[in-house]
Amino acid sequence: MRAVVIGSGAWGTTFAQVLADAGNDVVVWTTQEAVAEEINTRHTNGRHLPDGTVLPETLAASTDLARLLPTAEVVVVALPSQVVRDVLTPYAGLVAPEAVVVSLMKGVELSTLEVMSQVLMEIWDLAPERMAVVSGPNLAGEIARREPTTTVVACRDDAVAHRIAEAIATPYFRVFTSTDVIGLEIGGAVKNVIALAVGIAEGMGYGYNMVASIMTRGLSEGTRIGLAIGAERETFLGLAGVGDLVATCSSPSSRNHRLGSYIGKGLTLAEAVEATGATAEGAKSCRPILELARRHGVKASVIAAVVAVVHEGRDPAQVVRELHARPPRAED
Ligand SMILES: NC(=O)c1ccc[n+]([C@@H]2O[C@H](COP(=O)([O-])OP(=O)(O)OC[C@H]3O[C@@H](n4cnc5c(N)ncnc54)[C@H](O)[C@@H]3O)[C@@H](O)[C@H]2O)c1
Ligand SMILES: O=P(O)(O)OC[C@H](O)CO
């Protein structure tokens, strides 16, 4: 298939490699001439991929999205969630009518509380049958090194999910399918917030009991938010739920996990963002996710604690004391 990948960061470039390795004709769109030249001539992306990553020679890069879009059969989007609407609205009308759009993003829009499939369907006037999402335990660095990985592709139309799954399958990338688009997206967005919480706890010096408690309660919160907006429970027990939560909360290479640990060690949010140096969606998405929970009457104490520490300047030790001082209740 002819594919364009919008975004030349860690995941966009790595996913482009997967597409190229799977035999597709792929171009990565970047706004940076130097990055396009590096990918086209040296077959590397030194700013975002691990040392030694050599991209397929068939993988091209370009700064001209308006030229690429009309002929692309698959349009993959891998930008920071908060910029998607502004960056991509001007391209409405250029996506081919039969093209499938695939979101790789794990964030919730601050201004609308929408997940990225909703934003893309809105700005590009797409039917749900043309909108797919990919999510799972997918740390880009490991996939760039072509280490065995599993993922899930979801689309309302099961046949389209299968078509995309076949197009991205490689010997190191095993793909499952789903029709639970919103479940995949909420699973991915909430796990970023939970990884922040785990990082904060680790940065404060807490151990495995605390980490396991945050992950488990966080999974419960994400599941209940998802169920409230139409997701399926099974999704949260699968690769895009527990799978991604475990990968992100365990790996020191997760940007959300790292950002959290800097904050737990006492850095301000601005300092932690600077030290992380790449997109950590949870930092911005925690507030719209908490708002989503509140609107649907879902209790989300871990997510609220992250918002309090990250955005309201609360002392994390005091926030933990308050969480633990609450009366016992039934586990949900
Ligand atoms: N990195 C991973 O391991 C991974 C895995 C799965 C999902 N994701 C998700 O994929 C999405 C993208 O993450 P990433 O890892 O590629 O991020 P990144 O920080 O590595 O790269 C972001 C890219 O977006 C570009 N960009 C930023 N603002 C832009 C703008 N206004 N216009 C055009 N380009 C702009 C940057 O130049 C950069 O190339 C996020 O939602 C993330 O949660 C990441
Ligand atoms: O590095 P992070 O924290 O953005 O996590 C990357 C992926 O979402 C893991 O699946």
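Two residues are in contact here if their C-beta atoms, placed from the backbone, lie within 7 Å. This is a predicted model, in which local features need pLDDT of at least 70 and side-chain atom pairs count only at pLDDT 80 or more, while totals for chains, interfaces and linings use all residues. Residues are numbered from 1 along each chain as its sequence is written, and chains are lettered from A and ligands numbered from 1 in the order in which they are written. Helices (H or I, at least four residues) and strands (E, at least two) are DSSP runs, numbered from the N terminus.

**Stop one: a helix pair**

Select residues 181–203 (helix α8) and 301–311 (helix α15). Their axes come within 9 Å and cross at roughly 65°; axes are lines fitted to C-alpha atoms, for helices over the stretch in contact, and angles run from 0 to 180 degrees between N-to-C directions. Now show side chains: V193, I194, L196, A197 and I200 of α8 meet V302, I303, A305, V306, V309 and V310 of α15. The residues of this contact divide into 11 nonpolar, no polar and no charged. Ala, Val, Leu, Ile, Met, Phe, Trp, Tyr, Cys and Pro count as nonpolar, Asp, Glu, Lys and Arg as charged, and the others, Gly among them, as polar.

**Stop two: the sheet**

Next, colour the open sheet of eight strands, ordered β3-β2-β1-β4-β5-β6-β7-β8 with mixed pairing. Strands pair if DSSP finds at least two bridges between them. β3 (60–62) and β8 (173–178) each have a single partner strand, so one side of each is left without a neighbour in the sheet. Zoom in on β4 (74–77) and β5 (100–103), which run parallel and are joined by four bridges; V77 has S103 as its bridge partner in β5.

Where is G7 placed? Select the loop between β1 (2–6) and α1 (10–21) to find G7. G7 is buried because 26 C-beta neighbours lie inside 10 Å; the cut-offs are 20 or more other C-beta atoms within 10 Å for buried, 12 or fewer for exposed, and partly exposed in between, with C-beta atoms placed from the backbone. Beyond four places in sequence, G7 is in contact with G12, V77, A78 and L79. G12, in helix α1, also counts as buried, with 24 such neighbours.
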